[in-house]
Amino acid sequence: MAEDATTVTKSYAVCSLFPDALSQTVRTTLVLFWFALLLVTVDESELLTVPDGWKEVPFTREDNPRGLLEESSFATLFPKYREAYLKECWPLVQKALGELYIKGTLDLIEGSMTVSTTKKAFDPYAIVRARDLIKLLARSVPFEQAVRILQDDMACDIIKIGTLVRNRERFVKRRQRLIGPKGSTLKALELLTSCYVMVQGNTVSALGPFSGLKEVRKVVMDTMKNIHPIYNIKALMIKRELAKDPELRTQSWDRFLPSFKHKNLAKRKEPKKKTVKKEYTPFPPPQPESQIDKELATGEFFLRENQKRRKKMEEIKVKQAEALSRKQEERNKAFIPPKEKPAVKKQKKASTEGKIDIEAIKDKVKKAKNKKLGAPPVNVATATTAGSEKKMKNR
């Protein structure tokens, strides 16, 4: 307070230094410039630090003794499967809202919950907290957790994830990835952010301090964009350790945080026909020439009718002659004999291995004839002499 008083006295002193001849605008500008110089001299670390153990002063009836001028009310619908649970815990809800002088009604026929202020209510923001309470109860948050929203340092955030992914199967897989095996990923996120997180249907309900709700929303949105929550959880763990160091409080933490690059291993299929885009020009394309313009360019426009007819007939005759010649060539192709390949006689090389020795075969035959079964071989000379002697006796 003493510093504020000195600052104000300095500002008055500065105003008194300026002569009255100066305009009010110039004097105001110079005073603002003086305040800017004072702010520059203040250390930034003093502006960012919050005293340890500081808590916001609670809002009491003394702050607003006359109460509220108008009645405010909010209503919300709840699904059919929440009817039994709400019917059971509604007395507890009425008791918690009664402490803030808020009236709550449960309509089971219509399936809605309504909260409204009473004449004794003095806190204008209590009706907003009561609205958040019935919203959390409708989104399957248990009463023990939802009633914490009535505290001053608590807030809630209901994140809609149903429209972020088109494919239903892909949406279910990513939602399950946020929960993790046996709820381990969700539990780690709750411990790091000091928030209660409830995944139900197409929404994610979070309850906790404002700083934690901001991190929960970032993790949920990144998970729906196909970024695994383990990367954000790892970054939150590093931030939690860095926050304990008072020297790093005013420094950037980017050098400590991991940077994960998205690696798309599957190559994109390129189309077979690639269309080359033309360069953009702000001018429209040139207007096509009409038939009269073409005739003026060639000079046909100035010819007489009979000359035009004669020229057309000549063009038609030339086209007919060309078509006739092409047809004649196609007919003559059938009578042209195909080119024959020249016959090449293959000379068989006489192999030396295939020669037959006739003399050797004759000798073998003679030797086989002279052999007798079971008898030793006989000389040819003796056999011939014995045969000649027999012939002489027979004579």
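**Asking how we know**

Visitor: Which residues make the nonpolar surface patch?

Guide: That patch, about 370 Å² in area, is made by I227, I230, Y231 and F260. Keep in mind that we're looking at a predicted model.

Visitor: Why does Y231 count as partly exposed?

Guide: Let's set the value against the cut-offs. Buried means under 20% relative accessible area and exposed means over 50%, with partly exposed in between. Y231 comes out at 38%, so it counts as partly exposed. A patch residue needs over 30%, and the 38% of Y231 is enough for that cut-off. If you want to find Y231 in the structure, look in helix α10, which covers residues 229-242.

Visitor: Where does S194 lie, and what is its phi near?

Guide: S194 is in the loop between α8 (184-193) and β5 (196-200). Its phi is near 60°, again a positive value in a residue other than glycine.

Visitor: How do you know that R217 forms a salt bridge with D157?

Guide: Check the distance. The rule wants a side-chain nitrogen of Lys or Arg within 4 Å of a carboxyl oxygen of Asp or Glu. For R217 and D157, the closest N and O atoms are 2.9 Å apart, so the pair passes.

Visitor: Are R217 and D157 buried or partly exposed, and how do you know?

Guide: One of each! D157 has 18% relative accessibility, which is under 20%, so D157 is buried.

Visitor: What makes E300 and K311 a salt bridge?

Guide: Their side chains meet at 3.3 Å, N to O, and that is within the 4 Å limit. The pair links distant parts of the chain: E300 sits in the loop between α11 (291-298) and α12 (305-332), while K311 is in helix α12, 11 residues apart. E300 is at 25% relative accessible area, so it is called partly exposed. K311 is partly exposed too, at 34%.

Visitor: How far apart are the closest N and O atoms of D132 and R131?

Guide: They are 3.2 Å apart, and the pair forms a salt bridge. D132, at 13% relative accessibility, is under the 20% cut-off, so D132 counts as buried. R131 has 25%, so R131 is partly exposed. By this rule the count comes to 6 salt bridges.

Visitor: How much space lies in the largest pocket, and which residues are closest to its centre?

Guide: The largest pocket holds about 530 Å³ of space. It is lined by 18 residues, and E56, D152, D153, M154 and F210 are the closest to its centre. Two elements give two or more residues to this lining: α5 (126-138) and β4 (155-160). With 4 residues, α5 gives the most.

Visitor: What classes of residue does the lining of the largest pocket have?

Guide: There are 11 nonpolar and 7 charged residues, and no polar ones.

How values were computed:
Residues are numbered from 1 along each chain as its sequence is written. This is a predicted model: local features need pLDDT of at least 70, side-chain atom pairs count only at pLDDT 80 or more; totals for chains, interfaces and linings use all residues. Side-chain values use heavy atoms; hydrogens and water are left out. On a 1 Å grid over the protein atoms alone, a cavity is a set of points where a 1.4 Å probe fits but cannot get out, and a pocket is an open set with protein on both sides within 12 Å along at least five of seven lines; lining residues have an atom within 4 Å of a point. Grid points are joined across faces, edges and corners, and a volume is the space filled by probe spheres set on the points. Ala, Val, Leu, Ile, Met, Phe, Trp, Tyr, Cys and Pro count as nonpolar, Asp, Glu, Lys and Arg as charged, and the others, Gly among them, as polar. Patches are made of residues with over 30% relative accessible area and no salt bridge: like charges are joined within 9 Å, nonpolar side chains (Val, Leu, Ile, Met, Phe, Trp, Tyr) within 5 Å. Accessible areas come from the Shrake-Rupley method with a 1.4 Å probe; for residues, only the protein chains shown count as cover. Buried means under 20% relative accessible area, exposed over 50%, partly exposed in between (1.4 Å probe, protein chains only).
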